[in-house]
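Please look at the sequence and the 3D structure below.

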Amino acid sequence: MATMEDYKYLFKVVLVGNAGVGKTCLVRRFTQGMFPPGQGATIGVDFMIKTVEVEGEKIKLQIWDTAGQERFRSITQSYYRSAHALILVYDVSNQPTFDVCPEWLREIEEYASPKVLKVLVGNKIDRDDREIPTEVGEEFSNRHGMYFLETSAKGSENVERLFSDIAHELLQQSKNREIPSYDANSQQILQTGAGHTSSLNQRCCPRS
Amino acid sequence: MQNVSYNYYSLKKLEIMANGELPKEFEVIVIGTGLEESIVAAACARNGHSVLHLDSNDFYGDQWASFTFEGLQKWLDGSRAKSDEKEDSQAEPKVLKDLLENGETLLPLDHEKTVTKISEDFHAKEVKETLKSDEEEEERKSDTPVVVEPWTKAKLLANSRHFNLDLTPRLLFSKGSMVELLISSNVSRYTEFKSVTRVLTHLNGKLEHVPSSRADVFSTKHISVIEKRLLMKYLTFCLNYQEHLDKIEPDLQRPYEEFLKKEKLTPTLIHFIMNSIAMVPKSVNCEEGLKSTQKFLASLGRFGFTPFLWPMYGTGELPQAFCRLSAVFGGTYFLSRPIDGIIYKENQVQGVIVDGQRINCSYLVIARKLCPQALRTESNEKQTVFRDIHLLKSSILTSEKEELSFLTLPGSEETEDGQSQSYVMEVGHGASACPRGMYSLQVNSLKSDTFETMVQPLLTQDQLIYSLRWKRTYETLKKTLNGNVALCHDPVFELDFDEAIAHARNMFDAIFPGEDFLPRAPEPEEIILGDESITAEEEVAHDENPPKPEERTSTEVKSQDPKKSEKEKVEDDQKEESMLTEQSAANENEAQDQ
């Protein structure tokens, strides 16, 4: 049970972005160390969990995928609630998936906590038909106060780094008491303490 | 059987991936994302049935939605404009006709106007409010701007996203049907709750705190020591009243109030019990009264000091939580698309045309008010709910800390119907209902004059920032399935979700008889895919239903990793049980600590 597990911090990381940009592949690459070609297998899987160690602390990352609701732009706003970090993914070889990022940001700003750690990820850098140069993605992320990284879920480039950087950043925020540190002994669900709030309490600084 | 349809759907999902288009056929099409619709969609998808869930709105929840301030304004604009003959279809009629086969007719959706009498007031006056020093301190920590200017419409809109205002505010009994369903289905993982911190009642022209828990009874200053003892004794008796049936048998059919008098309870205690604990009208008989009292008591002490929970971010989260479960199990979601009509032939719905595309189905689940007249079989009396939302600068009963309050207002003496009470909830920033320092007062009533007679006297003009009032009608439904069409209610008047869940369950049972209703979804924590070192020891568990990961991956046509197989083991069924006991133990600890 979650209550008995050996970790000190639990963070919720949420992925968004157009269908087909490789969100599920990033999660699978990170949590299972493999590159999944088909996605029928995501049925019944709500979120993936991986425990990482940062500065000697065990950190459990709960990584949520869109469950296909992004396909017709029908993501529930409750999906964004209580996220500590939000990864907006586009495909560097597919211009429209990048062009739609401002729309995703609007949705994030409407429903996610204003202090959520926002990360822009250009995926599929293994492909040779790149359409979005690194500088363009970087510029966009700077403009919107986002952390930026380019990855390849297929070649696994930067995938570990993406999540360990997020864990690192969230740990720092948590240690600075900027965000509530989740008590490993309390239930995530039906958590009802009168003082419990799940939103973050301070804007994080974008890293580059 | 379930596995077959499950794999069938996995293939369907791949088809969507490939074409970026909807499949041409689903087992179940659900129109409307209200709570009942969403529960049915989740139950069907959970068991492997293919589900297409549609809503022509661009938000989830329909009459169950919770809105930001801007969202509320948009909803009001839509509700004011909505005429009975609103056309969804944007496609040419000729194009739609070409999609029909021999003998089929296309029935446009109905758009019964259920929301009327909308009145809105912005009370802000041009008076500068002084800034308190502690508020100033809060400013750095808080994302909420400090109140310096009056809350004009512009300012409310500028702070829009700090609001979650409910069209249908509800509380959950801690041991009620919704809490049990959330836990048993694991949909609880998408929801968070706050405990209601106090139960209030209106007594002798004042608001009073109703002592409900043991601790409350002992700490309250409003009743005497003798009353405390009487109340404790009576509540203890109610907890197990069935054990004393022989003694109370003769009284069971007599009025509850008389029984309370016979038990020597004082008028104040009788008021507390009738109005706030049992929440029953004067006319109720002893049996019903005891049952209702027991329901309240049974929910005490599970999660907090009152029996009630409030959904964080509003009731609107609940339909979304069920939709998320449905999506996780393969349900396809398609919002803000025009629904051109329902294809009908020989007493059966064949499918729907959505966004100019024909999609066939075996079953249609649809909100009653959207259902074409031709497919409605019953006509029941219309009920009316009167709703108010008031935004307040301070609580109706100020307290040192922010409270989440529940107030039951009794029905007026002359109404003898079963449900004449009004339910009032006051929620603040802690439940994400509104900006820091503000309170949202939610009134639900069956009577048109509740605001004037009962609520207004509790408020001062200075306190009010914004008031919204409207009237909503609904019909109660008895039939669950007619042909292959199931009709869903708009929210009926109730405090918890008992009727909505019961109706959703009946619809599901009628569509897929004999199938489990929302069996527990596997815990993501059971699928631990951590470091190699951990994976080697941890065993990945899964549920009997849905099928095993192997079966799932078998549909991945281009799988490049044939070795992919997860270690798995069927978990003890005890797991859920242990979670519950741990949970309640944790809560008991929490309660003791405080």
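What follows starts with a helix of chain A and ends with ring pairs.

This is a predicted model, in which local features need pLDDT of at least 70, side-chain atom pairs count only at pLDDT 80 or more, and totals for chains, interfaces and linings use all residues. Residues are numbered from 1 along each chain as its sequence is written, chains are lettered from A and ligands numbered from 1 in the order in which they are written, and side-chain values use heavy atoms, without hydrogens and water.

Helix α4 of chain A spans residues 134–143, and its buried residues are G137(A), F140(A) and S141(A). Buried means under 20% relative accessible area, exposed over 50%, and partly exposed in between, with a 1.4 Å probe and protein chains only. Helices are DSSP runs of H or I with at least four residues, strands are runs of E with at least two, and both are numbered from the N terminus. On the other side of α4(A), E135(A), N142(A) and R143(A) are exposed.

A nonpolar core is a set of buried Ala, Val, Leu, Ile, Met, Phe, Trp, Tyr and Cys residues joined through side-chain atoms within 4.5 Å. The largest has 107 residues, and L61(A), I87(A) and F322(B) have the most contacts inside it. Helix α2 of chain B (residues 35–46) gives the most to this core, with eight residues.

Rings of Phe, Tyr and Trp (its six-membered ring) pair if their centres lie within 6.5 Å; planes under 30 degrees apart count as stacked, over 60 as edge-to-face and the rest as tilted. Over all chains there are 30 aromatic pairs by this rule. The ring centres of Y90(A) and F98(A) are 4.8 Å apart and the planes are at 65°, so this pair is edge-to-face. Y90(A) is buried, with a relative accessible area of 0%, and F98(A), at 9%, also counts as buried.
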